[in-house]
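Morning, everyone. One structure today, and I will keep it short. Have a look at it first, then we go through it.

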Amino acid sequence: MEDLEELVKKIEAEMPSVDFSEEFSIHKISPEYVEYMLYPNSYYRAFAVMIKMFGYKKIIEVGTQDGASAIALSKHAELVTTYDIGDLGKFINSNDKIEKIKLGNSMDCINLDYDSYDLVFIDIDHAGIVEPLIHQKLSKEYKGFVLYDDIFINDQMKSFWSSINNNKIETDWHNGVDFGLVEYI
Ligand SMILES: C[S@@+](CC[C@H](N)C(=O)[O-])C[C@H]1O[C@@H](n2cnc3c(N)ncnc32)[C@H](O)[C@@H]1O
């Protein structure tokens, strides 16, 4: 088991040096998201550091929206596969490193092939219904880190977060509070 406090400290020490200028030149990210991605302690910076630090190659994301997070994940990865049930990825201007896949319904993400990826990022509707089902699936077959956004956004997510018995840590990588890192072994 990793010492997650130490790991978060190591990641945060590298976050100020993340440079997304190449990504900003490739993709069409809106100005407010550029600002958001450059926030000093943003999870976007944390992604870039963590993927480089561990040498991760293949990343899976559920919850693409416009694609800001997929773009950040792609900085040091070989391939990011990102899924959404809605229109997805309007910021993404190149499919060289980012594969966008539209799912048919909100339950489709439960049975994705998570164990063939090095890192998982879950950022969906935060209703606290699908997240526990993904966690159950990951608990059976996945080994590695999973990142969950918005773990304190509402009572359902707080309850989901507190139900996770794995090695886990809360970080302030989203709006100064609620971003979670969980280890699956
Ligand atoms: C908060 S946004 C994602 C933001 C993005 N990860 C970022 O940081 O830039 C959530 C997205 O999850 C999608 N979504 C919600 N429930 C989902 C589900 N069950 N499966 C896949 N996508 C889902 C929504 O359509 C929405 O685009």
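**Loops, sheet, core and ligand shell**

Asp150 is in the loop between β5 and α7. Before going on, the ground rules. This is a predicted model: local features need pLDDT of at least 70, side-chain atom pairs count only at pLDDT 80 or more, and totals for chains, interfaces and linings use all residues. Residue numbers start from 1 along each chain, as its sequence is written. Element names come from DSSP runs, numbered from the N terminus: helices are H or I with at least four residues, strands are E with at least two.

Back to Asp150. Its phi is near 60 degrees, a positive value in a residue other than glycine. Buried or exposed, this Asp150? Asp150 counts as buried, because it has 21 C-beta neighbours inside 10 Å. The cut-offs: buried takes 20 or more other C-beta atoms within 10 Å of the residue's own, exposed takes 12 or fewer, partly exposed is in between, and C-beta atoms are placed from the backbone.

Gln65 also has a positive phi, near 50 degrees, and is likewise a residue other than glycine. Its loop runs between β1 and α5. Gln65 is partly exposed, as 18 other C-beta atoms lie within 10 Å.

In what order do the seven strands stand? The order is β3-β2-β1-β4-β5-β7-β6, in an open sheet with mixed pairing. Two strands pair if DSSP finds at least two bridges between them. At the edges are β3 (98-102) and β6 (167-171); each has a single partner strand, so one side of each is left without a neighbour in the sheet. On average, neighbouring strands are turned by 15 degrees against each other, direction ignored. For angles, axes are lines fitted to C-alpha atoms, for helices over the stretch in contact, and values run from 0 to 180 degrees between N-to-C directions.

Take β5, residues 144-149. Its partner β7, residues 179-184, runs antiparallel to it, and six bridges join the two. Phe145 stands opposite Glu183 of β7. With β4, strand β5 runs parallel, through four bridges. Val120 has Val146 in β5 as its bridge partner. How many of the six residues of β5 are buried? Five are, and the strand is mostly covered. Helix α6 (residues 130-141) lies across β4 (119-122), β5 and β7, at about 165 degrees to β4.

Next, the core. A nonpolar core here is a set of buried Ala, Val, Leu, Ile, Met, Phe, Trp, Tyr and Cys residues joined through C-beta atoms within 7 Å. The largest one has 49 residues, and Phe47, Leu73 and Val120 have the most contacts inside it. Elements that each supply at least two residues include α4 (43-54), β1 (58-62), α7 (155-163) and β7. The largest share, eight residues, comes from α4. What does Leu73 touch, leaving aside neighbours within four places in sequence? Leu73 is in contact with Phe47, Ile51, Ile59, Glu61, Val80 and Phe121. Contact means that two C-beta atoms, placed from the backbone, lie within 7 Å.

On to the ligand. The shell around it has 16 residues, and the closest are Gly63, Gln65, Ser69, Gly86 and Ser106. A residue is near a molecule if its C-beta atom, placed from the backbone, lies within 6 Å of it. Both α5 (68-74) and β2 (79-84) supply at least two shell residues each. By class, the shell has eight nonpolar, five polar and three charged residues. In that count, Ala, Val, Leu, Ile, Met, Phe, Trp, Tyr, Cys and Pro are nonpolar, Asp, Glu, Lys and Arg are charged, and the others, Gly among them, are polar.

Last, some residues in helices and loops. Tyr33 belongs to helix α3 (residues 31-37). Tyr33 is partly exposed, as 19 other C-beta atoms lie within 10 Å. Beyond four places in sequence, Tyr33 is in contact with Asp66, Ala68 and Phe91. Gly67 is 34 residues from Tyr33 in sequence, and 9.9 Å away in space, C-alpha to C-alpha. Gly55, in the loop between α4 and β1, is exposed, with 9 other C-beta atoms within 10 Å. From Gly55 to Gly89 is 34 residues along the chain, and their C-alpha atoms are separated by 25 Å.

That is the tour. Thanks.
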